[in-house]
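Visitor: I'd like to go through this one label by label, and hear what stands behind each of them. Could you show it to me?

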Amino acid sequence: MLDLRKIGAYISKLRKDQDLTQLELADQLNVSHQAVSKWERGDSLPDIGTLPQLARLFGKTVDDILNAGDNAENREHQHLGTIVKEIAENRPVQVAEMVNTGEVKVEELVQVAPFVKASALHKVTERLDSSVLKLDVIMRLAPFLGTDTLDELVRQAEEGEIVWNAITGLAPFVNSNTLSRLVDKSIDGSLEVHNLVGIAPFLGREHVDRLVQEAEEGSLSWHSVQGLAPFISRETLSRLVDRVVDGTIDANRIVSLAPFLGREQVDRLVQVAEEGSLSWHSVQGLAPFISRETLGRLVDRVVDGTIDANRIISLAPFLDRENLEKLIGGVEGEHLSPDLLASLAPFVAQGTLSRMVTNLLNKVK
């Protein structure tokens, strides 16, 4: 890796040796003094057109600059200056040929890539032999490559020629049309949906929602879509809740999405279960996400006898002390049973548990 801080310090030394201010150096190179300041701080490098000018001004080579003045025999990269010169003079074919023949290492092209325009780098990479432009090289060049090159790599991955996991690293740099095509291929069954999970953050909500809709209609496996859950839009989640409520999709599907539902959506599902339109077993999976207010209402309904105490037992780990004490008080009479006592035991204080056992024994007598 090029050491920007070391290069910056070297540029600063050369400038001071010439007794130039940053502003004077900037004027001679036709750049801003802020640009010179960034170079010297190691925040950036001169662009590929400015590097040769900078080198000539100080009587150095581009290789001297990029190797921060190291002696030739100590340099890790010997041909950076050659690549810069050829690209600056619009000779990408020559650069590609040098890399293909081994005259210049492909690693040196990777080092130069950050300050080469994407269009120029693309002209080089499109002429590189496949034996040179291997996957690891493309992954490292991805932030600097044009989308055409990356799109071709994705097409190869779709055809199974490249390990799909590698595409995850390319996703931030691939254009939206390519991502849309991947969604299409998942829907038509020619690409496994689980392959999209790694690139879900870059798909866009509309694409994720489209996949969910296909799963709702049975065209895709719901299990595959669960991995996309963090990226499903709020509107689509609300629609799924509506479909659970009206009975058109299985409630178990929405339980797997519970961490991503809003509190109001979870509470709505609980209310439907209270009314008997939804299996209470399904609601148990929502327990960690039920609001304190709704839990309190459920306890009240147990106490007044409108819902069975056994329903709320599965929610006991999520009740606060106040609601737990209220629940215990409400079931200690006629509703207390051995099974109920055993279920509540891990969550009550020792004194309360002793009292409940005594009450149960008296009830048995």
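Guide: Let's start with Asn90, which sits in the loop between helix H6 (80–88) and helix H7 (92–101); helices here are DSSP runs of H or I with at least four residues, strands are runs of E with at least two, and both are numbered from the N terminus. Bear in mind that this is a predicted model, where local features need pLDDT of at least 70 and side-chain atom pairs count only at pLDDT 80 or more, while totals for chains, interfaces and linings use all residues. Residues are numbered from 1 along each chain as its sequence is written, and side-chain values use heavy atoms, with hydrogens and water left out.

Visitor: Why is Asn90 called exposed?

Guide: Exposed means over 50% relative accessible area, buried under 20%, and partly exposed in between (1.4 Å probe, protein chains only). Asn90 comes out at 55%, so it counts as exposed. Its phi is also positive, near 60°, though the residue is not a glycine.

Visitor: And what makes Asp19 exposed?

Guide: Its relative accessibility is 69%, so Asp19 goes in the exposed class. Asp19 lies in the loop between helix H1 (4–17) and helix H2 (22–29), and has a positive phi of about 60° without being a glycine.

Visitor: How do you know that Glu86 and Arg91 form a salt bridge?

Guide: The term asks for a side-chain nitrogen of Lys or Arg within 4 Å of a carboxyl oxygen of Asp or Glu. For Glu86 and Arg91 the closest N and O atoms are 2.6 Å apart, and the pair forms a salt bridge. Glu86 is buried because its relative accessible area is 13%, whereas Arg91 has 28% and so counts as partly exposed.

Visitor: Which residues pair in the salt bridge of 2.3 Å?

Guide: That one is Arg268 with Asp242. Arg268 is in helix H18 and Asp242 in helix H16, 26 residues apart. A search of the whole structure finds 17 salt bridges.

Visitor: What makes a set of residues a nonpolar core?

Guide: Its members are buried Ala, Val, Leu, Ile, Met, Phe, Trp, Tyr and Cys residues joined through side-chain atoms within 4.5 Å. The largest such core has 107 residues, of which Ile65, Phe115 and Ile254 touch the most other members. Helix H18 (residues 263–274) gives the most to this core, with 5 residues.
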